[in-house]
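The points may be read in order, with the structure at hand.

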Amino acid sequence: MTTTNTVMPYDEALERFEPVIGLETHVELGTTSKMFCGCPTTFGAPPNTHVCPVCLALPGALPVANDKAIESTIRIGLALNCTIAEWCRFARKNYFYPDMPKNYQISQYDEPLCTNGYLDVEVDGRTVRVEIERVHLEEDTGKSTHVGGATGRIQGADYSIVDYNRAGIPLVEIVTKPVEGTDRLAPEVAKAYVTELREVMRTLGVSDVRMEEGSLRCDVNVSLMPRGSTVWGTRTETKNVNSLRSVERAVHGEIERQAAILADGGRIVQETRHFHEDTGATTPGRSKEEAQDYRYFPEPDLLPIAPTPEWVEELRSELPELPTVRRRRLQAEWGVSDLDMTAMHNADAVALVEATVLAGVPAADARKWWMGELARRANESGTSLAVLPITPEQIARVVQLVASGALNDKLARQVLEGVLAGEGSPDEVVEARGLRIVSDEGELSSIIDKVLSANADAADKVRSGKIAAVGALVGGVMKASRGKADAGRARELILEKLGVSE
Amino acid sequence: MSLTRNTAAELGALIASGEVSAVEVTQAHLDRIAEVDPQVHAFLHVAAESALEQARSIDARRAAGEELGPLAGVPIAHKDVFTTKDMPTTAGSKILEGYRPPYDATVTARLREAGLVIIGKTNLDEFAMGSSTENSAYGPTHNPWDLDRIPGGSSGGSSAAVASYQAPLSTGTDTGGSIRQPAAVTGIVGMKPTYGGSSRYGVIAFASSLDTPGPFARNVLDAALLHEAFSGHDVMDTTSIHAEVPPVVEAARRADVSGLRVGVVKEFAGEGYQPGVLARFREAVDLLESLGAKVVEVSCPSFTYALPAYYLIAPSECSSNLARFDGMRYGLRVGDDGTHSAEEVMALTRAAGFGPEVKRRIMLGTYALSSGYYDAYYGSAQKVRTLISRDFEAAFHQVDVLVSPTTPTTAFPIGERADDPMAMYLADLCTIPANLAGNAAISVPCGLAEEDGLPVGLQIMAPVLGDERCYRVGAALEKAFEDRWGGPLLKEAPSL
Amino acid sequence: MSAITRDEVAHLARLSRLALTDAELGHYAAQLDVIIGAVARVAEVATDDIPPSSHALPLTNVYRPDEARMSLTPEQALAAAPAVENDRFRVPRILGEEA
């Protein structure tokens, strides 16, 4: 494939063009059974063990809709401030593909279950409202493995083998309206939207939203219009964007690519492009000889969905506290600034800080540890806070040890390091590494005596009233004790020994 | 007299009382199949061994003192569109040649639970698309009344099997008349229950919103017994109705029409109707009147649009329902020689595996659903569907049942309409409205047409879930006719 | 309504994955033309004020509880497959990604 992507540097692209973005997100629901049959949905089962006549599309089999999936979709719609349809139908989307057993997908077409909602996201200290066009329910396809050929990719493969375990897993599709006016923040808005959506799904408990396992998948639409224009350009749809960072990269990259083409007098082709996680580049999908005609029609095997207003209200009243509301509440409780709150949110630290506070730590301390030392460690190892091998309860213990005077900040950092290195609980690390502050007066006194005799000049200065010189002596004591001395007590004792009072 | 001449109710009673064994009954029918089916070709698969095994288990249960149901041990011929895990299931198509499903259709399972002995799978128009059984990939079935004529379709194997005494009962599916029309042209009883009254789970789908399993029998009571045995709510079929099975057996036994209001559908007469068919139909209406029914003429103007609406809705649904037959997971695969893509293999497989009528309907349906055509074709057809339901509703405000000839003509010669799809489609003219609106409807024999001596059927249509009215009127008419004829119509059939 | 052309039939055959011969294309074009001409009558009465019916009966809201049930064994699932490899359905090479 020859795709030489010339790009225009981002800043220049943004000077000349204004981006409009849109996102289509697919979320696999965490139901026990599939959308239209009783097959289990567990991830990673041996091939073709979670299949039955219905999801294999054997002759004569019929679908029956999963009530939990309908309920979850309505709850998602409510959480996204949507209108819930009083009556709507499933529709068949007809196209042939080997990973889709029926050769049609049961989906929804012009009658989605939820419409016209929004999700507010925070980027760079400001709130951006992303409008939701629709939320509908459909089913997932099977998974093909391509055999032969050089790359294991579909192109050049000799044949494919198909596992239908995933076929029929309920899939919720969430489509935004085009988002305008994001300007140069478009990539960040896209990322923040998916992050926020993921958090909403988690809060609702409807999906495990693991992008790496494909339970949350994203298609990104981008178009550009020249500055000053109000007419949207032709958009492309980038598929296969499977991490939060990739969402940001895909928008960024597509803006640069389209800008170069447009600046060169070229035209954007309305097409599907594939995102490559390794390079961050996109390549065009197979150009279709003819436009797809999915021949949607109402699914005759399934009855219309008509949620009663009472049921919808009941589901609404039972919704858990949603992430934005929760963040606003926590921000007030913790008394932190907008900027600090956004920073915590972006670092995925809110839940961790909250758990640490619940474990008895003052909010300021909890935030200090997670956003300071631990964020630095996560950053260094290229992971996220949530996967660091340390728990809020362990942080709470360390904070408690500092408060009781058993540790100082420096020692506390060493304890954390030990916990992260897998050396055990904070207490075990303190014990094993011998990190407790030296509070034994006898030991401290003999260290001080040694420091005083080794620094006679400084001791004389203090004796002669230059109390400021005591700092160097305390430093000497800390050094000699390898940081384990209680600096405050050392200072008192030094002054006492030198017969000086403040 | 041979056990093959008994009614199902009689056989059930004989077996229950121990006068004859289920094995004897089954063997008698297997012998009859061996004798006449080479000429009739009603069966695609005869399951002699499993049938005898099933019969033996019924006999054993009886011997053990178990109380048996009214149809236990009675043989039944099963349309080859219902899945059966112990027999091949082909839907009359080459694309499913030799296919063995891993599960039983709900109707199949209920037949087994009722102790019925499945003696084989019957021939049909490929995927139930047709009115003559000529569209079977395995060759046509012949009408026992005249072997050169069609036995109706799509359930022609099932109608011929019962009409030629190879089985006292059989199953069918009715999408546009596929039970009633074959019953009419072979002189037997065929019932299309209310849509959703019988389960579609395991019925290889033709048109999902229309397909309805139903019974064939040589008399109304037998049909009612079978109807009761396999109908009723099924959680595996969302469109099945959560309600009691209407009291069809009781109605078949009651068999009286005094005071009942009968509406004659005005639109189903005139051009295109065989004079002998209309004469027998009028005679039957007169007979109903003489039995105390109040007969009025009722107009259902939208019924004249039922045929075109059906030939848009059914092909549209089938174009999608049959997409799964692509040679990837089961059935025929053609062209997989390493040079063709999956897409090409699918197209080669479907071209080789489907017959001309199936291809025609798939393309017709694809056309009707295409963007740009949807509103004019599929969309309009769905509106006609609403109009037909409204016509039924209005009619049933005035009358209790509607009647019409089941088909415009008697059985036509094999091959006569094979190259003229439109002429073939006319065979379903009178039966389609009940499918579009979901109503119950039955066909009962009402004599032989003057000009060709072939059976004519009378259709009785009832409201949704008013199935018992079909049986009540059908049984009353049957009784009066048999009094007049001195026995069932089938007695007039040439013996095979 | 317009007459149906051979090209349209070829398009329908592609959409519905039917490899038709040239002779078949002509044959079906003629037949479909007659049938479509006849069924187009439905538009005569299908006025805007009539709601369409997709189902025979006006039922709604029938679901099943979210409970896992026994699936087929891989042997049963694969029993009728034309080709199998590593407990998966083996299919010819796929031309490209869709949807």
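1. A residue is called buried if 20 or more other C-beta atoms lie within 10 Å of its own, exposed if 12 or fewer do, and partly exposed in between. The structure discussed here is a predicted model. A:Asp348 has 17 other C-beta atoms within 10 Å, and therefore it is partly exposed. This residue is placed in the loop between helix H7 (338-346) and helix H8 (350-358) of chain A.

2. With 16 other C-beta atoms within 10 Å, C:Asn61 is partly exposed.

3. The peptide bond between B:Gly153 and B:Ser154 is cis, with omega at about 10°. B:Ser154 belongs to the loop between strand E3 (117-122) and helix H5 (156-163) of chain B. As background to these points, most residues other than glycine have a negative phi, and most peptide bonds are trans.

4. What are the overall dimensions of chain A along its principal axes? The C-alpha trace spans about 95 × 55 × 50 Å. The radius of gyration of chain A is 30 Å, whereas a compact globule of 502 residues would have one near 23 Å. Of the 502 residues of chain A, 44% count as buried. Among its contacts between residues at least 6 apart in sequence, 69% join residues at least 24 apart.

5. Chain A contains 16 helices and 14 strands. Nine strands of chain A form an open sheet with mixed pairing, in the order E2-E5-E6-E9-E1-E10-E11-E12-E13. Strand E2 (83-84) and strand E13 (282-284) are its edge strands, each pairing on one side only. Within this chain, strand E5 (residues 114-123) and strand E6 (residues 126-139) run antiparallel and are joined by nine bridges. A:Thr115 has A:Arg134 in E6(A) as its bridge partner.

6. In total, 35 residues of chain C are in contact with 43 residues of chain A. The chain C side divides into 16 nonpolar, seven polar and twelve charged residues. Strand pairing also links these two chains: strand E8 (residues 159-163) of chain A and E2(C) pair in the antiparallel sense over four bridges. C:Phe89 in E2(C) is the bridge partner of A:Val162.

7. Between chains B and C, 56 residues of chain B are in contact with 44 residues of chain C. On the chain B side, helices H10 (306-321), H11 (342-353), H12 (356-369), H13 (375-398) and H14 (421-425) each supply at least two residues. H13(B) gives the most, with eleven residues. The residues on this side of chain B comprise 29 nonpolar, 16 polar and eleven charged.

8. The last point concerns strand E5 (residues 189-192) of chain B. In a regular strand the side chains alternate between the two faces of the sheet. In E5(B), B:Val189 and B:Met191 point one way, B:Gly190 and B:Lys192 point the other way, and all are buried. E5(B) pairs in the antiparallel sense with strand E6 (residues 212-217) of chain B over two bridges, and B:Ala217 in E6(B) is the bridge partner of B:Val189. E5(B) also pairs in the antiparallel sense with strand E10 (residues 440-448) of chain B, over three bridges. There, B:Ala441 in E10(B) is the bridge partner of B:Lys192.

How values were computed. Residues numbered from 1 in each chain as written. Chains lettered and ligands numbered in written order. Predicted model: local features only at pLDDT ≥ 70, side-chain atom pairs only at ≥ 80, totals over all residues. Contact = placed C-beta atoms within 7 Å. Nonpolar A, V, L, I, M, F, W, Y, C, P; charged D, E, K, R; others polar. Pairing = 2+ DSSP bridges. Rg over C-alpha atoms; globule rule 2.2 N^0.38 Å.
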